[in-house]
Amino acid sequence: MKIVERAYKYRLYPTKSQATLIRKTLGCVRFVYNYYLGKRIELYKTRGTTLTYTQCSKDMTQLKKELTWLKEVDKFALQNSLRNLDAAYQNFFREVKQGNKNQGFPKFKSKRNNWKKYKTNLTNNNIEIKGDRIKLPKLGWVKFANSRNPEGQIINATISQTPTGKYFVSVCCLSEIEELPNSENVVGIDLGIKHFATLSTGEMIANPKHLQKLEQQLTRQQRKLSRKKIGSGKWYKQKHKVAKLHERIANQRNDFLNKLSFRLINENQVICRESLDIKDMLQDSKYAKSISDISWSEFGRMIDYKADWYGRIAVKIDQYYPSSQICYVCNEKNPEIKDLKIREWVCSNCGSKHDRDHNASINIKNEGLRLLSQQI
Ligand SMILES: [Zn+2]
């Protein structure tokens, strides 16, 4: 038995006044974030010092006395906003220290930001679920689509608003997870453009058809949007349409990735995959769309946490390991196979015939096992 943090997401149906209060809270969260980001920047410029989370939090108690409207909203949401700001700072300095020059300085949050959410914490039963109602701080009992009751102790909840104006709540719980019975199987996964994944067993997993169709629709609707006059009524209408499609695609993709990652974790003890530098590949615009669409990185994240939950081993192969070029039969490297257009090839050394992706997935599996044996 293992205790893990698990999130359950539900659609919220707030009343008019509850919705107003959610939007107000989102506004206050943004205000607090920007206010203290500004303060920290100013302080650094004038005195070369900064503020810690605790100092900001203390200062906010004073600020609330001046700006009383801040008191109308959930205090945990405001505190968590300060924590986010602090995390953004620490992340920035950590990345810079590690030599990452692309890491941007924490940015002011814009009103137009699509990412609108706030987190609240559990204290004294302020978050509770009864049937199709959820109790949330300041909001009281809100109607929601309870598809299945969350398992375990609630620790926090994140309330979000989508660009299409829907509301959601993600309830985070400490849940008990039963580890899966041991398996003898090891799998290598080659993530690709033609197929979403090719397994070392020879199985090829296609990109879901309905997802491809939705993505074609999205391209069409985005083109339509670009022809409308920005800010006009028709433009807003079209923008809403595009946002709705984005949401549907994200939901279906998430569903596909969740099912596939769970299946692979369920069937195998060891799961080997490449660690891909998406940024490098995205520069090749021809592949950009399909790669970003199928979101390999999200898939990798799911494999990692599910492996952790269920007692499996996830191995990541170095992105520069030439999995496509090595013949898995004789280990000869065939550098000309670098060319992504070559789908099938014959090894110049041993004459074995290969499917590009299947050969790569077997190499990924073997390299994964080699890395594992080194660790032991
Ligand atoms: Zn060979």
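Hi everyone, let me start with one residue. Lys 241 counts as partly exposed because it has 17 C-beta neighbours inside 10 Å; a residue is buried with 20 or more other C-beta atoms within 10 Å of its own, exposed with 12 or fewer, and partly exposed in between, with C-beta atoms placed from the backbone. Lys 241 sits in helix 5, residues 233–267. Its C-alpha atom is separated by 9.1 Å from that of Leu 218, 23 residues apart along the chain.

A quick word on what you are looking at. This is a predicted model, where local features need pLDDT of at least 70 and side-chain atom pairs count only at pLDDT 80 or more, while totals for chains, interfaces and linings use all residues. Residues are numbered from 1 along each chain as its sequence is written.

Now the whole chain. There are nine helices and 14 strands; these are DSSP runs numbered from the N terminus, helices being H or I with at least four residues and strands E with at least two. The C-alpha trace spans about 80 × 55 × 55 Å along its principal axes. Of the 376 residues, 26% are buried.

The domain assignment, which is automatic or from a database, gives domain 1 (2–177) and domain 2 (182–376). Their C-alpha centres lie 32 Å apart. Where they meet, six residues of domain 1 are in contact with six of domain 2, contact meaning C-beta atoms, placed from the backbone, within 7 Å.

Let's move to helix 1, residues 16–47. Among the buried residues of helix 1 are Ile 22, Leu 26, Tyr 36 and Arg 40. The buried residues of this helix pack against helix 2 (53–66) and helix 3 (75–97), as well as strands 2 (116–121), 6 (153–161) and 7 (167–177). Just after helix 1, Gly 48 takes a positive phi of about 70°.

Five strands form an open sheet in the order 10-9-8-11-12, with mixed pairing; strands pair if DSSP finds at least two bridges between them. Strand 10 (204–205) and strand 12 (313–317) are the edges, each pairing on one side only. Strand 11 (residues 270–274) runs parallel to strand 12, over five bridges. Val 270 has Ile 313 in strand 12 as its bridge partner.

Notes. Contact = placed C-beta atoms within 7 Å.
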